[in-house]
Amino acid sequence: MNTAPPAASLDELCINTIRTLAMDAVQKANSGHPGTPMALAPVAYTLYTRVMRHNPANAAWPNRDRFVLSCGHASMLLYSMLYLCGYGLALEDLESFRQLGSPCAGHPEYGQAPGIEATTGPLGQGISNAVGLALAERMLAARFNRDGHEIIDHHTFTIASDGDLQEGISSESGSLAGHLGLGRLIAFYDDNHISIEGDTALSFSEDVGARYEAYGWHVRHLGENLSVERLEQAAQAAIEVADRPSLIICRTHIAIGAPNKQDTAGAHGSPLGEEEIRLTKEAYGWPTEPPFYVPAEALEHCRATIARGEEAERAWSERMSAYREAHPEAADQLAAIFERRPPTLPPGLLKRFEPGTKIATRKASQEVLQVAASHVPSLIGGAADLAPSTLTLIDGGGNVERGAYGERNLHFGIREHSMGAIVNGLTLSGLRGYGATFLIFSDYMKGAIRLAALMELPSIFCFTHDSIGVGEDGPTHQPIEQLAALRATPNINVVRPADAHETALAWSFALRATETPTVLALSRQGLIVLDPELIPDDAIDRGAYILRDSDDAPAVVLIGTGSEVSLCLTAADQLAADGIATRVVSMPCMDRFERQPVGERERVLGAPGTPRIAVEAASPFGWDRWTGERGAVIGMRTFGASAPEADVYAHFGITAAAIVAQAHALLSS
Ligand SMILES: Cc1ncc(C[n+]2csc(CCOP(=O)(O)OP(=O)(O)O)c2C)c(N)n1
Ligand SMILES: [Mg+2]
């Protein structure tokens with residue numbers, strides 16, 4: 001029988017329950033981060049039991065307040081809270097913290113337990129996802145709320161640590177959030193003066209509050225007194241400030257109450273140890289045995305959030321019914337977003353272009369985007385100050401600005417990394433977000449792209465200037481290894497279309513995706529438009545197809561992507577004139593092709609042993625899988641060079657003549 005230890009209050013009992021669960025789970029796993037959940041327990045407790053409108057019985061309630069634990073290493077804080085509030089986690093799940101198959105992974109993993117709003121752990125990402133979620137709330141409200149029908153009106157809460165606020169990505173997203181006046185974003189800063197290497201004074205001395213004030217945030221310093229009442233008041237005051245995001249700075253003490261570990265870096269990432277746990281529990285007035293002890297009163301008190309949450313959702317559902325009656329079309333559109341229904345797109349090409357003419361795939365993308373945007377009202381996005389080059393504006397879409405959240409074109413400023421994280425936040429909300437820049441700068445947002453893949457979000461990353469075809473800007477701007485790195489990342493589809501029609505299919509493919517981000521790699525330079533009859537409607541889904549075949553079994557197979565496909569076609573003409581049966585394969589998506597059955601792959605690439613030449617103006621890394629022992633790869637083994645595009649291609653030997661010579665060399669060896 002669990003009898004509660006004497007505690008000053010029920011609140012304190014609950015807070016100490018969170019603390020001791022975190023200590024015990026980390027100890028049992030012999031791995032994890034105990035000190036931060038202990039310190040932040042009052043913040044999470046106040047948010048979950050007094051501030052947030054949420055329904056543990058339905059974690060997916062669309063108008064719920066969002067909570068993102070940006071310092072994902074403090075995951076036991078979230079798991080304890082979700083367990084206590086009744087989100088469906090069992091005590092055994094907490095006991096299996098960090099073990100294979102447990103919903104309580106080392107860091108919170110989106111989709112692995114109800115109530116986890118985003119995968120966090122790479123510092124700075126979570127608070128930036130929260131900016132995206134808060135922006136999404138405003139964008140949805142602007143689109144769907146009607147007079148007398150405020151159906152979207154939730155808040156986004158996040159807790160960020162020193163590391164979160166040191167990482168550059170949070171400065172980018174904080175700056176943009178302030179600029180856009182995202183008043184429904186409320187961040188708590190865990191100002192504990194500790195990070196892994198010790199006192200943050202070693203490397204961190206700016207006035208964080210002043211910094212966020214300069215970004216245009218409302219900032220409050222709570223100091224050390226983190227009573228539930230003060231925390232609640234601060235949160236309510238932040239809610240009242242509707243025109244600016246809020247930062248509530250809490251001077252906490254890592255591993256609070258642990259007699260030998262409080263305020264030490266040692267409490268960050270190691271179990272406290274049996275003896276220190278015993279001493280800490282004694283200091284809390286807590287029974288030292290058994291571990292994972294949950295006083296019945298604490299559980300009952302926290303579980304009362306279920307009834308309140310169900311009531312809140314029920315009241316909202318009534319409002320939603322009235323809304324549906326008054327605005328059935330809008331209600332259906334909104335339901336499609338909530339349910340993440342893939343859009344209904346016309347089968348086949350979104351747009352037709354004139355075969356034989358020349359158009360850059362970024363330019364074709366611009367035209368296709370307009371068609372896509374007309375079919376998919378939830379499609380919104382923007383570039384990191386390169387829209388005139390990436391050509392990613394939605395015509396007539398208007399600029400999303402402070403107070404103009406109903407528009408469609410976002411301006412991320414030169415903030416690639418946070419653009420990625422904000423696009424992920426928008427996508428988490430059900431909107432279809434895209435972010436655009438040059439392919440070279442995908443490096444600046446790789447952390448966010450990787451998390452989109454890990455979270456299984458269909459974020460769209462639209463990258464142009466995808467090769468040495470960039471030309472004069474030179475090697476700093478010419479991507480080499482980016483395609484290989486993105487392809488090496490699990491659960492990303494990298495699509496590099498060969499022409500305008502493949503580009504149309506690529507957008508359609510990206511919009512149909514439900515759990516995989518799409519990276520589009522588009523050319524700066526003009527590419528010849530292929531005959532659409534030669535391109536199957538499912539070209540991208542299949543990953544590769546035979547674009548031009550020989551009458552006889554091919555003696556050589558040329559495989560190209562993007563701008564190099566037309567080089568392969570020119571080379572094939574020459575080789576055919578030389579009497580060599582040549583097949584050309586376009587492979588717009590290697591990731592998809594890899595997933596085809598072996599029979600299909602052999603059908604496309606020719607019998608094993610057929611000499612194959614892959615041509616891509618990028619790192620050859622990964623191509624030998626498709627070319628095999630008897631094949632060759634024509635690609636880039638060095639950085640590029642600054643010169644007109646044609647000269648760069650010629651200089652690096654990525655030409656039709658080089659392909660022809662390579663084919664002859666292979667066939668005579
Ligand atoms: C991008 C990134 N870099 C490094 C790490 C490794 N790491 C985890 S926590 C942490 C810093 C801990 O300091 P703080 O953020 O203040 O958290 P606290 O110890 O106060 O909980 C670091 C460097 C990480 N998770 N993400
Ligand atoms: Mg810290």
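**View 1. The loop that holds Pro-290, between helix 11 and helix 12.** In this predicted model, Pro-290 sits in the loop that runs from helix 11 (274-284) to helix 12 (296-326). The peptide bond that joins Glu-289 to Pro-290 is cis, with an omega of about -10 degrees.

**View 2. The loop that holds Asn-30, between helix 1 and helix 2.** Asn-30 lies in the loop that links helix 1 (10-29) with helix 2 (35-51). Although Asn-30 is not a glycine, its phi is positive, at about 55 degrees.

**View 3. The crossing of helix 2 and helix 9.** Helix 2 meets helix 9 (residues 228-240) at a crossing angle of roughly 65 degrees, and the two axes come within 9 Å of each other. The crossing in which helix 2 passes helix 9 is right-handed. On the side of helix 2 the contact is formed by Pro-42, Val-43, Tyr-45, Thr-46, Leu-47, Arg-50 and Val-51, while helix 9 contributes Val-228, Leu-231, Glu-232 and Ala-235. Sorted by class, the residues of this contact between helix 2 and helix 9 are eight nonpolar, one polar and two charged.

**View 4. The packing of helix 5 against helix 7.** The contact of helix 5 with helix 7 consists of eight nonpolar and four polar residues, with no charged residues.

**View 5. The crossing of helix 7 and helix 16.** Helix 7 also crosses helix 16 (residues 416-428), here at roughly 70 degrees and with the axes coming within 8 Å. Helix 7 is therefore roughly perpendicular to helix 16. The residues that make this contact are Gly-168, Ile-169, Glu-172, Ser-173 and Leu-176 of helix 7, together with His-417, Ser-418, Ala-421 and Ile-422 of helix 16. By class, the contact of helix 7 with helix 16 comprises four nonpolar, four polar and one charged residues.

**View 6. The residues around ligand 1.** Ligand 1 has 17 residues around it, of which Thr-36, Ser-161, Asp-162, Gly-163 and Ser-195 come nearest. Helix 6 (162-166) and strand 4 (194-195) are the elements that each supply two or more residues to this shell around ligand 1. The shell around ligand 1 divides by class into seven nonpolar, eight polar and two charged residues.

**View 7. The whole protein chain, as a setting for the close-ups.** The secondary structure of the protein chain amounts to 26 helices and 20 strands. Taken along the principal axes, the C-alpha atoms of the chain fill a box of roughly 90 × 60 × 45 Å. The radius of gyration of the protein chain is 28 Å, which agrees with the value near 26 Å that a compact globule of 669 residues would have.

Notes:
Residues numbered from 1 in each chain as written. Chains lettered and ligands numbered in written order. Predicted model: local features only at pLDDT ≥ 70, side-chain atom pairs only at ≥ 80, totals over all residues. Axes fitted to C-alpha atoms, helices over the stretch in contact; angles between N-to-C directions. Helix = DSSP H or I, 4+ residues; strand = E, 2+ residues; numbered from the N terminus. Nonpolar A, V, L, I, M, F, W, Y, C, P; charged D, E, K, R; others polar. Near = placed C-beta within 6 Å. Rg over C-alpha atoms; globule rule 2.2 N^0.38 Å. Left-handed = near helix turned anticlockwise from the far one by under 90°. Contact = placed C-beta atoms within 7 Å. Parallel < 35°, antiparallel > 145°, perpendicular 65-115°, else oblique.
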